[in-house]
Amino acid sequence: MSDAVARGPSDNERPAASLFADVVGQERAVGALRAAAQRPVHAYLLVGQPGSGPRAAARGFAAALLCPDGGCGVCDVCRRVLAGIHPDHVLVERTGAALDVDDARRLGALALRRPIEGSRQVLVVGDLHLALLSAPALLKTLEEPPPSTVFVLLADDVPPDLVTVASRCVEVPFPPVPTAAIEAWLIGRGVDPSRARLVAEGAGGDVERARLLAEDPAFSERLALWRSIPSRLDGHGAVSGALAREVLRATDTALAPLRAEHESEIRMLDEDATAMGERRLPGRKDVLDRQHREERRWRTEELRTGLGVLARVYRDRLADAVATPPGGVPPSRAGTSPGVGPLRPGEAKGYEAAVALVGDAAAGLRRHAQETLLLEALFVRLGRLGD
Ligand SMILES: [Zn+2]
């Protein structure tokens, strides 16, 4: 019997397992950050949509930068960085809708601060893509980097106004996680393969969402609800309003697993505070703010997934329709679907218009339009297309 079995994983084997455990399908980015942690420069820019891993990777990277052993994953420093409660790992989040000049000033002041515990501090800045007006202030901070500070900037993308800021950083891209990687990851966590595929497709390259959907027994029911919409619409306001409310109620239910997780995170923080003899830990409000943003993003993503399912129903019907001669019976309706008769004139055009309407609604969602009104208007219009 070999020694390795008796003593378990060595210190050299551990970091791979723990520091970046929450980053899925981003081997390239993780490799770049691991290498960077050995001899860091003063600023990094992690670019990718939420759920593709930049936030989780920034935590692991910060641990590697602050840990006396370069990121062992198990020491007190690593543990506290990963839990978000190490004083030299500071998360700077916007206070309003954008990362504004006040936020940039706060960052500038923090950058000048001396590290509290060790010889280095890591300032992680969220939502850099929303920093358009504060770009000059940020640039100033990045161009006069204090030697003991490493900046880790996070952005969904890099708009033209921020190209100069980005040019002061080493950029590490996080592309959307491939559906296959999410599927494999879910199966590795014990999710049934057929369910893993459905969840991976509904996750939109977002691992956080995939993880929660996999634990959500109502996910398949919600997909079925969205799929049932076309057959339930009649073009009347009352039915459309009721459907919109039903969909939004289901969306609220979808938030339950995330909320439960957030509550347990706060409970653990408060227990840590009690153990340290404090009433509240200083970072508690930042954690609450982050949770609130995550819940809002989840809602939007859930509706976006639903609209995607709805668009696919119409696209499938459209594909059927164009493959069928006028007055003929589409292949999918032959024999087995007594409720749906032969193709009517103009039906294909109607499906085409439906796909476009659903696309418009998804775009409206991104602009934060009022959800109930948006869905109600969409359902009324879709219901009238057949007339
Ligand atoms: Zn460590």
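I took helices as DSSP runs of H or I with at least four residues and strands as runs of E with at least two, numbered from the N terminus. Helix α13 spans residues 237-254 and helix α17 residues 371-384; they pack at about 135 degrees, with axes 8 Å apart. For these values, axes are lines fitted to C-alpha atoms, for helices over the stretch in contact, and angles run from 0 to 180 degrees between N-to-C directions.

I then noted the residues of this packing. On α13 the contact is made by G237, S240, G241, L243, A244, V247 and L248, and on α17 by E371, T372, L375, E376, F379, V380 and G383. Contact here requires C-beta atoms, placed from the backbone, within 7 Å. By class, I recorded 7 nonpolar, 5 polar and 2 charged residues, where Ala, Val, Leu, Ile, Met, Phe, Trp, Tyr, Cys and Pro are nonpolar, Asp, Glu, Lys and Arg charged, and the others, Gly among them, polar.

On provenance, I noted that the model is predicted, with local features needing pLDDT of at least 70 and side-chain atom pairs pLDDT 80 or more, while totals for chains, interfaces and linings use all residues. Residues are numbered from 1 along each chain as its sequence is written.

For the whole chain, I listed 17 helices and 5 strands. Buried residues account for 34% of the 387 residues.

Next I looked up the sheet. It is open, has 5 strands in the order β2-β3-β4-β1-β5, and its pairing is parallel; strands pair if DSSP finds at least two bridges between them. β2 (89-92) and β5 (170-173) stand at the edges with a single partner strand each, so one side of each has no neighbour in the sheet. The twist averages 20 degrees from one strand to the next. I found 4 bridges joining the parallel strands β2 and β3, and V92 has V125 in β3 as its bridge partner. Helix α6 (residues 101-112) packs on the sheet and touches β2, β3 and β4 (149-155), its direction making about 165 degrees with that of β2.

Last, I checked L133, in the loop between β3 (121-125) and α7 (135-143). L133 is partly exposed, with 13 other C-beta atoms within 10 Å; 20 or more would count as buried, 12 or fewer as exposed, with C-beta atoms placed from the backbone. Leaving aside residues up to four places away in sequence, L133 touches A98, D100 and V101. L133 and V101 lie 32 residues apart in sequence and 6.9 Å apart in space, C-alpha to C-alpha.

Key:
Two residues are in contact if their C-beta atoms, placed from the backbone, lie within 7 Å.
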